[in-house]
Amino acid sequence: MAKQFWKGSALLAPVPAALVTCGTMEKPNVLTIGWTGIVCTRPPMTYISVRPERYSYNIIKESGEFVINLTSSAMVRETDFCGVKSGKDINKFEACGFHTVPASQVSAPLIEECPVSLECRVTEAKELGSHTMFLAEIVAVAVDEKFIDSKGKLNLQQCGLAAYAHGEYFALGRKLGDFGFSVRRKKHNSKRRK
Ligand SMILES: Cc1cc2nc3c(=O)[nH]c(=O)nc-3n(C[C@H](O)[C@H](O)[C@H](O)COP(=O)(O)O)c2cc1C
């Protein structure tokens, strides 16, 4: 089995194609972000890496706040659009038909159409090169009630989340297992035991 060795690049996949909102309810903006992830559980912390030339960059830098809105397959066209058009030229909320909802802890709005939104407060801005990483604490999470069952469990599978891999968008497929399933003892089938 032969491997080709390429020079170092940002080829980590899949990543989310998240819609990051910034600004205020009165003057919001949204851009698509692939370079994001979780970096700590307690306190819950994330990052987004943003190029300084983005219109959103100064808004996030000055306000120290943003919201990461997870996207579904149904929104993939709008997600791409928000990643190729700038808020300095157009109102992307109007263009995409997105509705804003006030966040609970930050000034930046949530996107109503997104199933899950993470309200974030910047703790550090680190200039890395092409991008500046905004390290941030997740201060609140807003979840669309229609994905919460009667037991209070969030059913992410029903959201139809989308992913981004090496320049292409994908729909998340079927569930293959859950955390720790590989080592979990199988439940005995009561009928079999009899
Ligand atoms: C799938 C996808 C992922 C992207 N990820 C990032 C990213 O992580 N960081 C970034 O600075 N720009 C990223 N972009 C580009 C910005 O979303 C794009 O330049 C956008 O138009 C900036 O909007 P603004 O000028 O209104 O801030 C991405 C674009 C797409 C389509």
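Which residues does Phe-66 touch, not counting residues up to four places away in sequence? Select Phe-66 and find Val-20, Thr-21, Cys-22, Ile-48, Ile-60, Ala-108 and Cys-120. Touching here is contact: the C-beta atoms of two residues, placed from the backbone, lie within 7 Å.

**Before going further**

This is a predicted model: local features need pLDDT of at least 70, side-chain atom pairs count only at pLDDT 80 or more, and totals for chains, interfaces and linings use all residues. Residues are numbered from 1 along each chain as its sequence is written.

**The whole protein**

Zoom out. The C-alpha trace spans about 70 × 50 × 35 Å along its principal axes. Switch to a cartoon view to see 4 helices and 11 strands. Both are DSSP runs, numbered from the N terminus: helices are H or I with at least four residues, strands are E with at least two. Contacts between residues 24 or more positions apart make up 61% of those with a separation of 6 or more.

Now colour by pLDDT, the predictor's confidence in each residue, from 0 to 100. The protein's mean is 95, and 96% of its residues reach 70 or more. Confidence is highest in strand E5 (residues 65-69), at 99, and lowest in helix H4 (residues 190-193), at a mean of 54. Where pLDDT is low, the predicted coordinates should not be read in detail.

**The core**

Of the 194 residues, 28% count as buried. A residue is buried if 20 or more other C-beta atoms, placed from the backbone, lie within 10 Å of its own; it is exposed if 12 or fewer do, and partly exposed in between. Select Ala-18, Leu-19, Val-20, Ile-48, Phe-66, Val-67 and Ile-68. These have the most contacts inside the largest nonpolar core, which has 33 residues. Strand E1 gives the most to this core, with 4 residues. Such a core is a set of buried Ala, Val, Leu, Ile, Met, Phe, Trp, Tyr and Cys residues joined through C-beta atoms within 7 Å.

**The ligand**

Centre on the ligand. Its shell holds 22 residues, and the closest are Tyr-55, Ser-56, Gly-83, Ser-86 and Gly-87. Strand E2 (28-33), E4 and helix H1 (55-63) each give two or more residues to this shell. E2 provides the largest share, 4 residues. Colour the shell by type: 8 residues are nonpolar, 9 polar and 5 charged. Ala, Val, Leu, Ile, Met, Phe, Trp, Tyr, Cys and Pro count as nonpolar, Asp, Glu, Lys and Arg as charged, and the others, Gly among them, as polar.

**Strands side by side**

Pick E9 (residues 132-143). It runs antiparallel to strand E8 (residues 116-127), joined by 11 bridges. Strands pair if DSSP finds at least two bridges between them. Lys-126 has Met-133 in E9 as its bridge partner. E8 and E9 form a hairpin with 4 residues between them, and Gly-129 in the turn has a positive phi of about 150°. E9 also runs antiparallel to E4, with 6 bridges. There, Val-50 stands opposite Thr-132 in E9.

**Backbone stops**

Select Pro-14, in the segment before strand E1 (18-23). The peptide bond from Ala-13 to Pro-14 is cis, with omega near -5°. Next, select Pro-43, in the loop between strand E3 (36-40) and strand E4 (45-50). The bond from Arg-42 to Pro-43 is also cis, with omega near 0°.

Finish at His-166, in the loop between strand E10 (162-165) and strand E11 (168-171). Although not a glycine, His-166 has a positive phi of about 50°. Is His-166 buried or exposed? His-166 counts as exposed, because 11 C-beta neighbours lie inside 10 Å.

How values were computed
Near = placed C-beta within 6 Å.
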